[in-house]
Structures are given as C-alpha cells and as structure tokens.
Amino acid sequence: MSRPEDTLSADVHYDDSEARKYTTSSRIQNIQASMTHRALELLDLSSPSFILDVGCGSGLSGEILSSIPPDEGGPHVWVGMDVSASMLDVALQRDVEGDLLLADIGQGVPFRAGTFDAAISISAIQWLCNAESSEVSPAGRLSRFFNGLYASLKRGGRAVCQFYPKNDEQKRMITSAAVKAGFGAGLLEDDPETKNVKVYLVLTVGGGNLDGNGGDITGVVKGMEGVDVLDPRRNNRNGKGEIKKGTKAWIVKKKEQMERKGKVVKATSKYTGRKRRIAF
C-alpha cells in the first residue's frame, strides 16, 4: 500500500474532500487524541504553556491542548501551522481556539526567536522527506524546519514530533537534521515491531542539566526501554558541563548561533580552531 506522501504534496493530497474525510473519521480522531496525549506526557509541562502545533491540520490535536485541565498543567494556548488551506478551512469551520497560519514547514518556522514554550507535531514531519521537484531536497527542507523550530523555542523549550518513517534511513535523516540544528534528541517507539508502531522524536533546546534534571526533555525518556538519546551537547565539555571556550566545538557553536541570526560567517574548515604558532 502506497503512502500519500510518496505520490502528492500535502497541500494537494489534503484537498476539501480529503480534509473533511480525515476530520470526521472517528478512528483518526481517536488515534490523534491518543498520540497528542502521549506527546504531552513526554513534554511534561507543569503549567499552561504557549505551544506551536506543527502540521496542525484541522485542529484535532489543538483541541486536546485547549482542553487540558488545570490539575494537569493546562489549558494551553496554541498556534497551528499547516500547508493545507483545506485543512485550515475545516479548522476555522470547527471554531478551534488556536490561531492558524498557512505555511510550509519545509520553508522554515516564521516566528520570532524564543516565541514558544514548547512544540508538538503529530503525523506531519515525514512529509519533509519527499521533495516535489529536483530543485528541492529533503535534507534542505528538514534543515530549514529544524533550524526554524530551534530558533522559535525559548531556552529550555521542548518539542515532541510523532512521525511515521518509511524506513530506518528516514528515521536517521530526520534525527540527524534535528541534532545538527542544535537539539538534544531522543527517539521513542511505542508498540515496536508491530504494524501500529509509533515513533516520537523528543527534543530540547538546552537550558537544563545533562543528567536529565533541570527540565531537559532528554531526562523524560532517559532509561525508557527502546529509547536512543542523541545529544551532541555532551561532547567537548569541561568538568563543569560547559563547552570549553576557544575549542573548535565552541567556535562552531558560535558560528551556528550567528547563522541563525542571519549573520554571514566564514565556512568551517580543518583549520577552524587550530592554534597558531607564536611569531617572533
């Protein structure tokens, strides 16, 4: 059975008919609700938060965010972005509480830096692995998305992206793009080795201790069976858990920060961070 993302782009596949069919399916509603609650469990938010819903569709997951009771840390305020105008039109007809934005996540996340406390994405980011033309690469789309998501989250911000990878290569491609953008990342699989397997990519934007304390999302999945934590922040650190100033890792990190701010920086090479000989 072919996957929809293999044949059409999301904005074409989810036309008016498909958007209504998707939203009114009780099976899909139940699955979306279950995965959204699971994502919130992994986010572990203790108070009402400002959340970005990536690939929000017709607002099924957003409705869950709005309905979380105060004793469970809600309700949350959210903004949803999706590439399908038909899906967003259905969301407007359903009078969802979140604000909606028509945008292609493969072109980035167009919000001011540090806007959101957290982000969720349910069954959306696998669409980034397919390019509609030879001029657009999956790697480029993934890079723009994760770099934009990283910038839009507050320091210590958290994100959980549930997705359906076609194969292990897609899983590695998506995870690598997140790590390159600066995220600490962990992969969690529910119902592994079954046809109902669901993959969750859990992400954090620094701001916590690397032993799993201090609000770091990697601490939520640390120790869980079948979880692989990929956290580049653990490399090249001094005894205090900080990247040593002046090292190549420190210089590269500063360059990435400048690039995210739109600054022009010199390309990294084998000479980056190399000590120069003292000239007499």
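## Overview

The protein chain contains 9 helices and 8 strands, where helices (H or I, at least four residues) and strands (E, at least two) are DSSP runs numbered from the N terminus. The model is a predicted one, in which local features need pLDDT of at least 70 and side-chain atom pairs count only at pLDDT 80 or more, whereas totals for chains, interfaces and linings use all residues. Residues are numbered from 1 along each chain as its sequence is written, and side-chain values use heavy atoms, with hydrogens and water left out.

**Burial, surface and contacts**

- Of the 280 residues in the protein chain, 44% count as buried, a class that means under 20% relative accessible area, with exposed meaning over 50% and partly exposed lying in between (1.4 Å probe, protein chains only).
- The accessible surface of the protein chain is about 15100 Å², and carbon and sulfur atoms hold 49% of that area; accessible areas come from the Shrake-Rupley method with a 1.4 Å probe, and for residues only the protein chains shown count as cover.
- Among the contacts in the protein chain with a separation of 6 or more, 69% are between residues 24 or more positions apart, a contact being heavy atoms within 4.5 Å.

- After α5 comes D95, which lies in the loop between α5 and β3 and counts as exposed at 65% relative accessibility.

**The buried glycine G59**

- G59 is located in the loop between β1 (50–54) and α4 (60–67), and it counts as buried because its relative accessibility is 0%.
- Leaving aside residues up to four places away in sequence, G59 touches W78, A91, R94 and V96.

**Backbone geometry**

- Most residues other than glycine have a negative phi, and most peptide bonds are trans.
- D95 is not a glycine, yet its phi is positive, at about 60 degrees.
- D191, also a residue other than glycine, has a positive phi near 55 degrees; D191 is placed in the loop between β6 (184–190) and β7 (198–204) and is partly exposed, with a relative accessible area of 44%.
- The peptide bond from G74 to P75 is cis, with omega near -10 degrees, and P75 is found in the loop between α4 and β2.

**Salt bridges**

- Side chains of opposite charge can pair when their charged atoms come close.
- The whole structure has 9 salt bridges by this search, each defined as a side-chain nitrogen of Lys or Arg within 4 Å of a carboxyl oxygen of Asp or Glu.
- In helix α2, K21 and E18 form a salt bridge whose closest N and O atoms are 3.6 Å apart, and because the two are 3 residues apart in that helix, about one helical turn separates them; K21 is exposed at 51% relative accessible area, whereas E18 is partly exposed at 22%.
- In helix α7 (residues 168–180), K171 and D168 are 3 residues apart, about one turn of the helix, and their side chains meet in a salt bridge (3.6 Å, N to O); K171 counts as buried at 16% relative accessibility, while D168 is partly exposed, with a relative accessible area of 47%.
- Another salt bridge joins the side chains of E169 and R172 (3.1 Å, N to O), which are also 3 residues apart in helix α7 and so separated by about one helical turn; E169 is partly exposed, with a relative accessible area of 43%.
- A network of salt bridges links R38, E41 and D190.

**Positive surface patch**

- R155, K245, K253 and K254 form a positive surface patch, and patches are made of residues with over 30% relative accessible area and no salt bridge, in which like charges are joined within 9 Å and nonpolar side chains (Val, Leu, Ile, Met, Phe, Trp, Tyr) within 5 Å.
- Lys and Arg count as positive and Asp and Glu as negative, while His and the chain ends are not counted; the place of a charge is taken as NZ of Lys, CZ of Arg, CG of Asp or CD of Glu.
- K245, one of the patch residues, lies in the loop between β8 (228–230) and α9 (248–260) and is exposed, with a relative accessible area of 66%.
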